[in-house]
Amino acid sequence: MATEVTQVLLNAQAVDGAVRKHAEESLKQFQEQNLPTFLLSLAGELANNEKPVDSRKLAGLILKNALDAKEQHRKFELVQRWLSLDVGVKNQIKTCLLQTLSSPVPDARSTASQVIAKVAGIELPQRQWPELIGSLLSSIHQLPGHVKQATLETLGYLCEEVSPDVVDQDHVNKILTAVVQGMNATEGNNDVRLAATRALYNALGFAQANFSNDMERDYIMRVVCEATLSPEVKIRQAAFECLVSISSSYYEKLSPYIQDIFTITAKAVREDEEPVALQAIEFWSSICDEEIDILEEYGGDFTGDSEIPCFYFIKQALPALVPMLLETLLKQEEDQDQDDGAWNLAMAGGTCLGLVARTVGDDVVPLIMPFIEENITKPDWRQREGATYAFGSILEGPSPDKLTPIVNVALNFMLTALTQDPNSHVKDTTAWTLGRIFEFLHGSTIETPIITQANCQQIITVLLQSMKDAPNVAEKACGALYFLAQGFEDVGPSSPLTPYFQEIVHSLLTVTHREDAGESRLRTAAYETLNEVVRCSTDETAPIVVQLVPVIMTELLHTLEAQKLSSEEREKQNELQGLLCGCLQVIIQKLGSSEPNKHAFMQYVDGIMNLFLRVFACRSATVHEEAMLAIGALAYATGPDFAKYMPEFYKYLEMGLQNFEEYQVCAVTVGVVGDICRALEDKILPYCDGIMTQLLKDLSSNQLHRSVKPPIFSCFGDIALAIGENFEKYLIYAMPMLQGAAELSAHTSGADEEMTEYTNLLRNGILEAYSGIFQGFKNSPKTQSLIPYAPHILQFLDTIYMEKDMDDLVMKTAIGVLGDLADTLGSNAGSLIQQSLSSKEFLNECLSSDDHLIKESAEWAKLAISRAISV
């Protein structure tokens with residue numbers, strides 16, 4: 001096989017499907033029969049300059065895919081597989097790869113760079129291949145240009161693959177030296193400069209120590225800034241990408257350079273090609289992100305010893321930054337509204353302006369108003385659209401007091417523009433701006449309402465009329481109506497939208513039937529808006545919502561009856577089914593929340609459940625997720641009556657719990673088990689063996705996404721609450737699982753933010769399980785069987801209290817568990833709680849919490865503990 005490998009690799013890229021399939025089969029067979037020889041022959045193919053470029057590229061790609069995969073568990077298997085290969089084989093492969101870096105063929109070099117980085121990503125953390133970085137750097141300055149370029153590219157990929165802690169500082173210094181020298185203006189070869197600049201982008205995460213040294217930092221910054229002026233556009237773009245990365249990683253070190261960076265970015269935004277100008281704007285957006293985060297975290301009260309001071313770069317740059325961004329708003333593209341993925345100078349400038357407004361608040365308003373006033377009535381559509389976009393961009397950030405008077409003047413003008421402006425771009429942006437006005441300046445928290453009895457009818461008339469406009473305008477009009485409805489959510493028994501409710505619902509349903517509703521996400525937007533209008537409606541309009549039920553049911557039935565669809569039509573059909581299930585879910589929640597409305601709705605429940613069962617019979621993950629959520633709402637609304645649907649529904653519930661691949665479906669199904677437990681209480685008992693078996697399987701699988709594990713633990717609690725002492729037979733399985741997870745989640749010191757957040761979700765799930773189990777067993781003669789587990793649970797509470805990284809939710813659940821334990825076990829728990837290391841401290845801390853939910857839980861726990869101790 002090794003001799004024919006070239007031909008097989010070429011056949012695997014053939015136009016003829018049969019030839020291609022046969023070649024793919026041969027490769028798969030070769031790999032399964034003899035992996036070491038297979039990988040060696042691929043490495044040999046890649047390294048052989050006599051071979052055709054296409055077979056070499058594919059050889060490298062297959063090699064790369066043999067080392068890495070997107071799915072975590074698959075990746076883990078591939079890493080183990082590589083590590084267990086014979087050392088001699090691995091060394092031969094690595095020699096071939098390094099040799100390929102000097103190939104005259106650019107594609108072969110580039111592929112080898114990526115594969116070397118993948119191998120390094122596996123081996124360096126294991127302290128293997130220690131000589132790699134040294135050998136790459138050893139003679140980099142004497143190498144011919146194309147080899148130097150490939151070596152720098154390899155170093156760049158390597159920095160992307162491995163984490164900074166596996167490369168020692170000495171190597172980091174040498175990598176940075178080589179990279180920065182390669183970027184220098186004295187480097188005559190542009191391919192080398194480009195590879196070096198891209199490598200620096202990946203190496204910045206390693207440069208902590210170097211950025212703390214003034215001289216080294218000055219040198220790096222100088223070289224990056226010089227590279228932004230290179231005659232080669234790709235180098236300029238890569239250099240600005242480095243600046244963007246530096247702005248977020250090393251914000252606190254930027255002060256000495258910010259003036260020069262402003263000059264460079266302003267020149268690029270005004271004069272350079274679009275890819276470069278976009279990165280120059282991105283630099284300022286990134287600075288905004290940093291300052292918004294700092295100001296949110298510190299609430300604006302900086303003391304002299306504040307850990308990360310805010311340098312107020314945006315505030316200082318405002319007088320020059322805002323005019324620069326306003327200029328970009330006039331550089332729109334003719335067709336940007338039709339293209340979902342469009343991104344150009346005007347859009348980037350508006351996005352940055354929005355971030356500036358969130359960073360500096362009121363200060364931005366006087367700098368923008370003259371631009372708006374000057375351009376909003378100009379004959380050129382670009383000026384009208386730019387002015388409208390500028391206004392829409394600054395509505396989040398400044399205070400309502402500052403914006404409301406301006407909005408009151410502008411509102412009438414914008415409603416007229418939305419119906420009468422001859423230009424579709426202007427209408428699109430006007431509708432978007434109205435949506436932002438309603439999102440940020442309308443609602444129960446705003447003191448001066450901008451929507452009054454005087455203008456409410458006009459606003460609704462205009463929005464409903466705009467829903468008949470081009471799809472992109474209609475979609476934005478739906479969005480504006482969405483926020484209009486949302487602002488009236490807490491309005492009390494009577495809503496200003498009530499007189500128009502029927503007409504709004506009718507108009508939205510009409511939009512969903514438009515021929516062109518598939519464009520610009522229009523159909524989706526119409527259903528999302530319908531859902532929000534229903535969700536925020538009051539009891540006055542409940543009869544209309546009840547009439548909506550059969551309408552949506554009929555629509556869903558039509559989608560189920562469609563025959564012989566092409567794969568594209570099938571996909572659209574699935575999307576529509578998902579939207580309709582989502583709509584029914586909102587209606588069920590709305591009508592199920594009050595008794596009189598629930599009564600009117602009950603006549604439809606059998607029919608709805610029937611439709612959902614038919615939806616499950618079609619195989620589509622997104623639809624299953626939506627239908628599951630709707631069934632959860634239905635179970636909540638029907639309560640114990642839901643039991644009659646269980647015999648039919650159970651198999652789909654089980655399928656959902658087994659769905660590892662589409663883990664969101666699995667997670668939603670776990671949530672629905674909880675809803676059904678609350679609805680059926682002990683009527684769920686006949687199904688519990690099956691459900692518990694599946695949940696325990698899910699927990700012990702390494703294929704299931706970790707995010708599903710916390711809700712599974714909470715679900716144990718829901719089941720125990722529903723079936724009470726009948727949960728006893730599951731204790732021997734569930735408790736060890738809970739204990740194992742508790743030990744894992746107790747110690748998190750040194751974890752990053754994402755991990756700490758996950759750990760808190762996990763702790764909360766575990767604690768909710770304990771809480772449900774204790775409450776379920778309360779007053780049962782079988783409480784004795786819980787006593788052996790109490791010491792471990794108290795130890796868990798001690799440990800997480802000592803760690804000091806609980807969020808408020810975990811704190812509330814944890815103090816609740818302490819109370820549940822005392823309440824259910826009584827005197828058996830009293831002495832254990834008294835011996836516990838931190839229960840008393842923890843309780844006192846929660847009693848003095850500002851969070852009223854934590855305080856409430858703590859007061860209840862204090863009562864339960866004092867009862868348990870005094871027995």
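Which residues in helix 4 meet which residues in helix 7? The legends below start there; the model is predicted.

**View 1. Helix 4 packs against helix 7.** Helix 4 covers residues 53–65 and helix 7 covers residues 106–123. On the helix 4 side, the contact is made by Val-53, Arg-56, Lys-57, Gly-60, Leu-61, Leu-63 and Lys-64. Helix 7 answers with Asp-107, Ala-108, Thr-111, Gln-114, Val-115 and Lys-118. By class, the residues of this contact are five nonpolar, three polar and five charged. The two axes come within 9 Å and cross at roughly 10°. Angles under 35 degrees count as roughly parallel, so helix 4 and helix 7 are roughly parallel to each other.

**View 2. Helix 39 meets helix 40.** Here residues 808–825 form helix 39, and residues 827–835 form helix 40. Their axes lie 6 Å apart, at an angle of about 140°. That angle makes helix 39 oblique to helix 40. Helix 39 contributes Leu-818, Leu-821, Ala-822 and Leu-825 to the contact. From helix 40 come Ser-827, Asn-828, Ala-829 and Ile-833. Six of these residues are nonpolar and two are polar; the contact of helix 39 with helix 40 has no charged residues.

View 3. UniProt lists residues 23–103 as "domain: Importin N-terminal", in an unreviewed entry. In the model, the span is 78% helix and 0% strand. The C-alpha atoms at its two ends, residues 23 and 103, lie 27 Å apart.

**View 4. Gln-316 in helix 17.** Gln-316 sits in helix 17, which runs through residues 313–328. Is Gln-316 buried or exposed? Its relative accessible area is 58%. Exposed means over 50%, so Gln-316 is exposed. A polar atom of the Gln-316 side chain lies 3.3 Å from the backbone oxygen of Phe-311. Phe-727 is 411 residues from Gln-316 along the chain, and the C-alpha atoms of the pair are separated by 64 Å.

**View 5. Ser-163 in a loop between two helices.** Ser-163 lies in the loop that links helix 9 (145–161) and helix 10 (169–183). Its side chain makes a polar contact of 2.4 Å with the side chain of Asp-165. The relative accessibility of Ser-163 is 36%. Val-409 is 246 residues away from Ser-163 in sequence and 55 Å away in space, C-alpha to C-alpha.

Technical notes. Residues numbered from 1 in each chain as written. Predicted model: local features only at pLDDT ≥ 70, side-chain atom pairs only at ≥ 80, totals over all residues. Heavy atoms only, no water. UniProt positions renumbered as here; feature names shortened; annotations may be inferred. Helix = DSSP H or I, 4+ residues; strand = E, 2+ residues; numbered from the N terminus. Buried < 20%, exposed > 50% of the residue type's maximum accessible area, 1.4 Å probe, protein only. Polar contact = N/O pair within 3.5 Å; in protein donor to acceptor, adjacent residues only side chain to side chain. Axes fitted to C-alpha atoms, helices over the stretch in contact; angles between N-to-C directions. Parallel < 35°, antiparallel > 145°, perpendicular 65-115°, else oblique. Contact = heavy atoms within 4.5 Å. Nonpolar A, V, L, I, M, F, W, Y, C, P; charged D, E, K, R; others polar.
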